Amino acid sequence: MNPHRAVRFIGAIVAASFASVAAAESIRVEATPVPLSPDAPEVRSVGPLHYRGGLWLRSGDPRFGGFSGLGVSADGSRLVSVSDRGMSLSLDLTYENGQLAGVANADLGSLADEDGSPLQGRYFTDAEAMSPGVQGEIIIAFEGKHRIWRYLPGEVQPRPLPLPVEAEGMPENAGIEALTLLDDGRLLAFAEGSERGNTTLAWVSDQRGWNVMTYAISDGFRPTGAATLPDGDVAVLERYYTPRNGVRVRVKRLAASTVAPGAELKGEIIATLAPPMNVDNFEGIEARRGPSGETLIYLISDDNFSDRQRTYLMMFEWRRP
């Protein structure tokens, strides 16, 4: 294991206790198993992604929901997610025969502002993406008031990171939606972008700051999440939505070797989830290596605090030829 991969795993484990420094309190979360396809429970795969269990998560706490960024510990035992309303969810994951089966020990707390007080006001609370950092911290990208903050282990107050220049003037709801730590220690970020364009902006960091790139988008899909795969490449989560056609999502694979300043990034479509499958507004993605060396992909959906939507947590095994 190279040192950057080790740092990434350590960061994911630190994420498991992240809520403990964000004014967290225990909440009850109900987890109901859901099939991949409610009308055809025998369907277990979409492309090379083999379904390893999914849950519909609910809570009576009115602050529960709107989850976008996602982190899972290296052993899969603990999950952390951040929400559109500046909350941090942390919970244990349970498995049966290798299938995602339930949750336990859930905590929910407010992310802290720079003065240590809870974030307040939609303009300041819209956490859209998260990633571990090279010092074991959690890095969060916010929309509304566009910014990137680092939450270091044991510290309540965040430390600001420079924002890419191009992101400073973006519309409130079209900023950085996806963020991941590459194996070489660089951060990779994607903007949600415009519905009418065929590219959106992306950035990769170095010791001097951010370098701009473009990322190809098509068919009305836009990036909402990113995760570094065990082999070092990147899984990019994209979402499509119209009132007529509803929501669908797809996962692309992006070769890490193509990520360079000024690059025109193009991912390869791996799988598309669409009705009649159980699909919702998936915005968070994480990847880890399973106990047998398999690649496991987790997705979480943002229910927008709507009675017509659900918080789904799903796990897939990426089976390759």
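**View 1. Strand 17 and strand 18 (residues 234-242) run side by side in the antiparallel sense, joined over six bridges.** Here, two strands count as paired if DSSP finds at least two bridges between them. The strands themselves (E, at least two residues) are DSSP runs numbered from the N terminus. Look for A227: its bridge partner in strand 18 is A235. Strands of a sheet pair through backbone hydrogen bonds, either parallel or antiparallel. Before moving on, please note that this is a predicted model, in which local features need pLDDT of at least 70, side-chain atom pairs count only at pLDDT 80 or more, and totals for chains, interfaces and linings use all residues. Residues are numbered from 1 along each chain as its sequence is written, and side-chain values use heavy atoms, with hydrogens and water left out.

**View 2. Four strands make an open antiparallel sheet in the order 17-18-19-21.** Which strands are at the edges? They are strand 17 and strand 21, each of which pairs on one side only. From one strand to the next, the twist averages 25°. That angle is taken between axes, which are lines fitted to C-alpha atoms, and runs from 0 to 180 degrees between N-to-C directions.

**View 3. R250 and E238 form a salt bridge, with their closest N and O atoms 2.8 Å apart.** A salt bridge here is a side-chain nitrogen of Lys or Arg within 4 Å of a carboxyl oxygen of Asp or Glu. R250 lies in strand 19 and E238 in strand 18, so the pair ties together parts that are 12 residues apart in sequence. Both R250 and E238 are buried; buried means under 20% relative accessible area, exposed means over 50%, and partly exposed is in between (1.4 Å probe, protein chains only). Side chains of opposite charge can pair when their charged atoms come close.

**View 4. E317 meets R52 in a salt bridge, and the closest N and O atoms are 2.8 Å apart.** How many residues apart in sequence are the parts that this pair ties together? The answer is 265, because E317 lies in strand 24 and R52 in strand 4 (residues 49-58). E317 is buried at a relative accessible area of 15%, and R52 is buried too, at 10%. Salt bridges that share partners join R52, E294, E317 and R319 into one network. A search of the whole structure finds 21 salt bridges.

**View 5. The side chains of R78 and D92 come together in a salt bridge of 2.6 Å, N to O.** R78 sits in strand 6 (residues 78-83) and D92 in strand 7 (residues 87-96), so this pair links parts that are 14 residues apart in sequence.

**View 6. The largest pocket holds about 570 Å³ of space.** A pocket is found on a 1 Å grid over the protein atoms alone: it is an open set of points where a 1.4 Å probe fits, with protein on both sides within 12 Å along at least five of seven lines, and its lining residues have an atom within 4 Å of a point. The volume is the space filled by probe spheres set on the points. There are 23 lining residues, and those closest to the centre are R239, Y241, N281, E283 and N304. Strand 18 gives the largest share of the lining, four residues. By class, the lining has four nonpolar, seven polar and 12 charged residues. Charged means Asp, Glu, Lys and Arg; nonpolar means Ala, Val, Leu, Ile, Met, Phe, Trp, Tyr, Cys and Pro; the others, Gly among them, are polar.

**View 7. The second largest pocket contains about 390 Å³ of space.** Of its 19 lining residues, L161, G185, L187, S205 and D206 lie nearest the centre. Strand 15 (199-206) and strand 16 each supply at least two residues of this lining. The lining divides into seven nonpolar, seven polar and five charged residues.

**View 8. A cis peptide bond joins P275 and P276, with omega about 15°.** P276 is found in the loop between strand 21 (268-273) and strand 22 (282-289).
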